[in-house]
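Subject: Structure handover

Hello,

The structure we discussed is below. My notes on it follow.

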Amino acid sequence: YNMKIAISGASGFIGKRLSAFLELQGHQIVPLGRAMFRDNMSDQLIARLSQCEVVINLAGATINRRWTTEYKKELYNSRINVTRRLVQTINSLEQKPQLFISASAVGYYPTEGCHDDYSQERGEGFLSDLCCRWEAEAAKVHTDTRLVITRFGVVLSPDGGAFKELSRSLKLKMAVAIGPGNQYFPWIDIRDLNKAMLHVIKTTSIIGIINFVAPHQITQTELRDRMAWRYSSWFKLTVPSAVIRFFMGEASNFLTTGQCVIPATLEETGFEFSANDIDEFLADTTKWTVRKIDLSRYMGKWYEIARFENRFERNLTRVTAEYTLLSGNKIRVVNSGYLNGELNVSEGKAYVPDPDTPGKLKVAFFLWFYSDYYILELDEVNYNYVLIGSSNNNYLWILSRTPQLPDDVKKMLLYKAERRGYDISRLLWVKQSEE
């Protein structure tokens, strides 16, 4: 059944994607922003949590920056204090949530050996201590509420986060590993994290510690080599640990060391990973398009159902696109939309540069400045809907032959977009009526 799910850290990298995913499953998200944890907001926090069956705690400042003494306090306060306030509020409720999921990290474990959800050993250093104290606060929740502590590996998403940093050098045809290179790199695909959260919610037998990592363990060097193969890099380099320490200080430890972590509970409870190994994840970081298209059938008028907001269409409503096939397989493009009741029209041109990849078009609205127009998904039977993206993740559109699109088709297209790494929480649903 559909539930109300409160999420602290809902505006963060993981929180935005998890919120969008859970909403697609029909659940209602109750975001808990930073302001909700101020001393004078206790009544509001109680009111919000009292409505919810599930509370997910994702709050916490990023660890990916230099750990000064002041920033260590921020790392501590953003995790321990928020968790403490959540637990105190849950415990004060007469009708408590059924489930409290509190995030942690695999940095809890030692760097030696391999560790599953049942491992009792903990590592040394600031990050392990932080995870330990973070989890200890979560463990104070009342026994009437099921407690699950999720230890995350590095969360990878094709549209940003850690993978964006890892892939910067690939634009220069260079694949890079962080020294020494033989350290483990525990990771999880963001889409598997979202699915695993839903799995935890549905599987009431899951209690306590659960590792959120992919089943296949890799090292930094193996990660570099797989990225080099996938992206056809010319060079493979390893950045010495000393260089990372120079720039990051103590924070470099979480990059230059790593843990071998096994997702035993997820596997034992029947969870199916979308990306079991790094090759499966990397395969989804490239944009694949439709293999065939009848341009004559594609022509005509399309209604814009949803889009990533962009400067060309900012604040436009009742947006349509009309395509006309010209000689030489060139296409005239006329985009129309209303701004404050006035019609705005832009005319451009498009073409297919490579007949072997007919789903990859180029479009321009000003001189010869062409942009990607990738037809990612298409109703190949009736040509009633289409999902359009680009070589990067900056543009996304859902178009339909009618002003409305059935909910099941929307859900399918959103799933397809998310599989390609698009942050579907950014989608703006376009108003197609005057009211």
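Starting with strand pairing: in β10, D189 is the bridge partner of L156. Strands here are DSSP runs of E with at least two residues, helices are runs of H or I with at least four residues, and both are numbered from the N terminus. Two strands count as paired if DSSP finds at least two bridges between them. Strand β7 (residues 154–157) pairs with β10 in the parallel sense, over 3 bridges.

Before going further, the ground rules. This is a predicted model, where local features need pLDDT of at least 70, side-chain atom pairs count only at pLDDT 80 or more, and totals for chains, interfaces and linings use all residues. Residues are numbered from 1 along each chain as its sequence is written, and side-chain values use heavy atoms, with hydrogens and water left out.

**The β8-β7-β10 sheet**

This open sheet has 3 strands in the order β8-β7-β10, with mixed pairing. β8 (160–161) and β10 (187–189) stand at the edges; each has a single partner strand, so one side of each lacks a neighbour in the sheet.

Q183 sits in the loop between β9 (174–178) and β10. Q183 is buried, at 6% relative accessible area. Buried means under 20% relative accessible area, exposed over 50%, and partly exposed in between (1.4 Å probe, protein chains only). Leaving out residues up to four places away in sequence, Q183 touches I178, I218, T219, Q220, L255, T256, T257 and G258. Contact means heavy atoms within 4.5 Å.

T150 belongs to strand β6 (residues 146–152). T150 is buried too, with a relative accessible area of 0%. Its contacts, again not counting residues up to four places away, are I101, S102, A103, S104, A105, M197, I210 and F212.

**Cysteines**

How many disulfides does a search of the whole structure find? It finds 1. The cut-off is a pair of cysteine sulfur atoms within 2.5 Å. C114 and C260 form the link, with their sulfur atoms 2.0 Å apart. The pair joins distant parts of the chain, 146 residues apart: C114 is in strand β5 (residues 114–115) and C260 in strand β13 (residues 260–261). The link is right-handed, with 85 degrees about the S-S bond. C114 is partly exposed at 45% relative accessible area, whereas C260 is buried at 1%.

C131 counts as buried, at 1% relative accessibility. C52 is also buried, with a relative accessible area of 5%.

**Second largest pocket**

Pockets and cavities were searched on a 1 Å grid over the protein atoms alone: a cavity is a set of points where a 1.4 Å probe fits but cannot get out, a pocket is an open set with protein on both sides within 12 Å along at least five of seven lines, and lining residues have an atom within 4 Å of a point. Points are joined across faces, edges and corners, and a volume is the space filled by probe spheres set on the points.

The second largest pocket has a volume of about 790 Å³. It is lined by 35 residues, and N310, F312, N335, F365 and W397 are the closest to its centre. Elements giving two or more residues to this lining include β14 (300–308), β16 (331–339), β17 (342–351) and β18 (360–364). β16 gives the largest share, 5 residues. By class, the lining has 19 nonpolar, 11 polar and 5 charged residues. Nonpolar covers Ala, Val, Leu, Ile, Met, Phe, Trp, Tyr, Cys and Pro; charged covers Asp, Glu, Lys and Arg; the others, Gly among them, are polar.

β16 and β17 run antiparallel, joined by 9 bridges. L339 stands opposite E342 in β17. Their hairpin has 2 residues between the strands, and N340 takes a positive phi near 55 degrees. β17 and β18 are also antiparallel, over 3 bridges. There, A350 stands opposite V363 in β18.

**Cavities**

The count is 3 cavities of 30 Å³ or more. The largest cavity holds about 70 Å³. Its lining includes R17, D159, R191, E418 and D423. α1 (13–24) and α6 (190–202) each supply at least two lining residues. The classes are 4 nonpolar, 3 polar and 5 charged.

Best wishes
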